[in-house]
Amino acid sequence: MSRVYNFSAGPAVLPEEVLKEAAEEMMDYRGTGMSVMEMSHRSSAFQQIIDEAEADLRDLLQIPENYKVLFLQGGASLQFAMIPMNLMKNRVADYIVTGQWAKKAWQEGQKYGKANKIASSEDKTFSYIPDCSDLPISEDADYVYICENNTIYGTKYKTLPNTKGKILVSDVSSCFLSEPMDVSKYGIVYGGVQKNIGPAGMVISIVRDDLITDDVLEGTPTMMKFKTHADAGSMYNTPNCYCIYICGKVFKWLKKMGGLQAMKERNERKAKILYDYLDQSNLFRGTVEPASRSLMNVPFVTGSKEMDAKFVEEAKEAGLENLKGHRTVGGMRASIYNAMPVEGVEALVAFMKKFEEENS
């Protein structure tokens with residue numbers, strides 16, 4: 001069985017050379033006589049793995065020294081609670097709701113204080129990013145929260161919101177490391193790794209030092225305090241060792257590929273191939289306003305549920321997997337993360353053209 005082109009939104013495609021390297025080291029990691037899966041997280045071999053992973057990530061993103069990198073469990077969804085628990089000192093936060101995950105974060109925030117929805121694109125099924133240049137930011141807001149790239153709806157912030165001096169917190173799960181970013185503009189930037197970086201089971205949170213304190217909401221569990229994990233170098237409890245190991249390999253792959261500027265150019269090239277076709281197709285159409293289009297997730301429809309289903313089924317037979325849209329929106333979605341080769345996008349467009357000819 002040859003490998004398929006996997007357009008899954010996450011867990012998602014990983015670089016082949018990373019998978020091959022991991023396969024070679026599966027039984028014996030660098031002469032230790034054991035797999036990383038079996039290794040003590042307190043061993044010097046694993047300490048080197050986590051230290052190198054952090055150093056490479058810092059290098060890739062040019063993370064300032066006054067930020068901690070935390071390898072945490074519970075996925076991005078646990079951060080929906082962890083962030084207010086650690087930051088909501090005034091019990092007020094502002095949320096910009098541009099998709100399902102931002103909405104879930106906003107709903108979770110309401111459990112800990114006043115979570116204000118200060119802007120939303122729900123009026124047009126989250127098909128655009130609202131103008132965030134002059135928002136009604138609450139005077140006593142502890143932070144302003146966004147989800148920067150919306151996996152389900154295929155939108156992406158091109159300009160960060162004007163938070164009027166308030167801390168910006170951003171979920172970057174589905175655009176993490178797809179292009180350069182200025183970490184110093186955020187108080188916290190975090191993302192689940194299973195879309196663009198590694199296997200499922202971990203979230204990386206990059207947190208500014210001044211936000212890591214013991215001054216958290218009363219009743220916050222020890223495991224939910226950023227300080228617990230920062231003080232222990234992400235090893236307060238057994239971390240997701242194997243996931244950190246694979247992420248570390250992906251960081252090295254990204255550096256070898258030329259870093260994040262090179263990835264951005266590569267991702268723009270891939271996305272252009274697909275968007276250009278969608279813009280001239282008579283059968284398929286993209287669902288996102290062009291100014292808000294994501295480079296990572298491209299939703300599209302035919303306008304007929306039956307035709308959509310037929311397309312997904314025939315695409316699968318042609319080795320193009322996981323093109324079914326999210327259950328909340330239907331249609332199709334191609335997730336074209338860093339590890340998706342240009343050839344995969346070209347194969348998808350060639351198949352779409354053939355399908356359009358046969359079904360028009």
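The entries below follow that order, after a note on conventions.

**Conventions.** I am working from a predicted model, in which local features need pLDDT of at least 70 and side-chain atom pairs count only at pLDDT 80 or more, while totals for chains, interfaces and linings use all residues. Residues are numbered from 1 along each chain as its sequence is written, and side-chain values use heavy atoms, with hydrogens and water left out.

**Salt bridges.** I looked up the total and found 27 salt bridges, a salt bridge being a side-chain nitrogen of Lys or Arg within 4 Å of a carboxyl oxygen of Asp or Glu.

The next pair I checked was aspartate 134 with lysine 164, joined by a salt bridge at 2.7 Å between the closest N and O atoms. Aspartate 134 lies in the loop between strand 4 (114-120) and strand 5 (144-147), and lysine 164 in the loop between strand 7 (155-156) and strand 8 (168-171), 30 residues apart. Aspartate 134 is exposed at 60% relative accessible area, whereas lysine 164, at 43%, counts as partly exposed.

Within helix 5 (residues 226-231) I found aspartate 231 and lysine 227 four residues apart, about one turn of the helix, and their side chains meet in a salt bridge of 2.8 Å, N to O. I also recorded a network of salt bridges that links Glu52, Asp56, Asp59, Lys252 and Lys255.

**Helix 3.** I compared the span of helix 3 (residues 75-87) with expectation: its 13 residues, at 1.5 Å a residue, should span 18 Å, and the end C-alpha atoms are 19 Å apart, which agrees. The expected span is 1.5 Å times one less than the number of residues. Helix 3 bends by about 30° at alanine 81, with proline 84 following within four residues; the bend is the angle between axes fitted to the seven residues ending there and the seven starting there.

**Strands 3 and 4.** I looked up how strand 3 (residues 92-97) and strand 4 pair, and found the parallel sense over six bridges, pairing requiring that DSSP finds at least two bridges between the strands. Alanine 93 has alanine 115 in strand 4 as its bridge partner.

**Backbone.** I noted a cis peptide bond between glycine 10 and proline 11, with omega about -5°; proline 11 is in the loop between strand 1 (5-6) and helix 1. Phenylalanine 126, not a glycine, has a positive phi of about 55°, and this residue is buried at 4% relative accessible area. Serine 234, likewise not a glycine, has a positive phi of about 65° and lies in the loop between helix 5 and helix 6.

Terms used
Helices (H or I, at least four residues) and strands (E, at least two) are DSSP runs, numbered from the N terminus. Buried means under 20% relative accessible area, exposed over 50%, partly exposed in between (1.4 Å probe, protein chains only).
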